[in-house]
Amino acid sequence: MYRIPVSSSDLNSVGYDPKTGTLEIEFHSGGVYQYSGVPEEVFTQLMSAASHGKFFYAHIKNIYPYVRLG
């Protein structure tokens, strides 16, 4: 999945597949996670948030199921 680099102290890049509702996040620590069932609106809000990390922890982590890819 193509990921877009973001300016964040925790997140390195973010990708999204609107067909499957899959959000992929790469962290600076090197981990890559895919979150399933994420509405496109949530992805749009994440990308336009003043703080990508704060938005992620408040609205995505522990809300949507995920798998670790790497």
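A salt bridge is a side-chain nitrogen of Lys or Arg within 4 Å of a carboxyl oxygen of Asp or Glu. The structure above is a predicted model, in which local features need pLDDT of at least 70 and side-chain atom pairs count only at pLDDT 80 or more, while totals for chains, interfaces and linings use all residues. Residues are numbered from 1 along each chain as its sequence is written, and side-chain values use heavy atoms, with hydrogens and water left out.

**Exercise 1. Find how many salt bridges there are, and which residues they join.**

Step 1. Applying the rule gives a count of two salt bridges.

Step 2. One of them is formed by the side chains of Arg3 and Glu24, at 2.5 Å from N to O. This pair links distant parts of the chain, since Arg3 belongs to the segment before strand E1 (4-5) and Glu24 to strand E3, 21 residues apart; strands (E, at least two residues) and helices (H or I, at least four) are DSSP runs, numbered from the N terminus.

Step 3. The side chains of Glu26 and Arg3 also meet in a salt bridge, at 3.3 Å from N to O. Here too distant parts of the chain are linked, with Glu26 in strand E3 and Arg3 in the segment before E1, 23 residues apart.

Step 4. Through shared partners, the salt bridges join Arg3, Glu24 and Glu26 into one network.

**Exercise 2. Decide whether Glu24 is buried or exposed, and describe its surroundings.**

Step 1. Buried means under 20% relative accessible area, exposed over 50%, and partly exposed in between (1.4 Å probe, protein chains only). Glu24 counts as buried because its relative accessibility is 4%, whereas Arg3, at 24%, counts as partly exposed.

Step 2. The side chain of Glu24 makes a polar contact of 2.6 Å with the side chain of Gln34. A polar contact is a pair of N or O atoms within 3.5 Å; within protein, one must be able to donate a hydrogen and the other to accept it, and residues adjacent in sequence count only if both atoms are side-chain atoms.

Step 3. Leaving aside neighbours within four places in sequence, the residues in contact with Glu24 (heavy atoms within 4.5 Å) include Met1, Ser13, Val32 and Leu69.

**Exercise 3. Describe how H1 and H2 pack, and which residues meet there.**

Step 1. Two packed helices are described by the angle between their axes and the distance between the axes. Axes are lines fitted to C-alpha atoms, for helices over the stretch in contact, and angles run from 0 to 180 degrees between N-to-C directions.

Step 2. For H1 and H2 the angle is about 145 degrees, and the axes are 8 Å apart.

Step 3. From H1, the residues Val42, Gln45, Leu46 and Met47 meet His52, Phe55 and Phe56 of H2. The residues of this contact divide into five nonpolar, two polar and no charged.

Notes:
Nonpolar A, V, L, I, M, F, W, Y, C, P; charged D, E, K, R; others polar.
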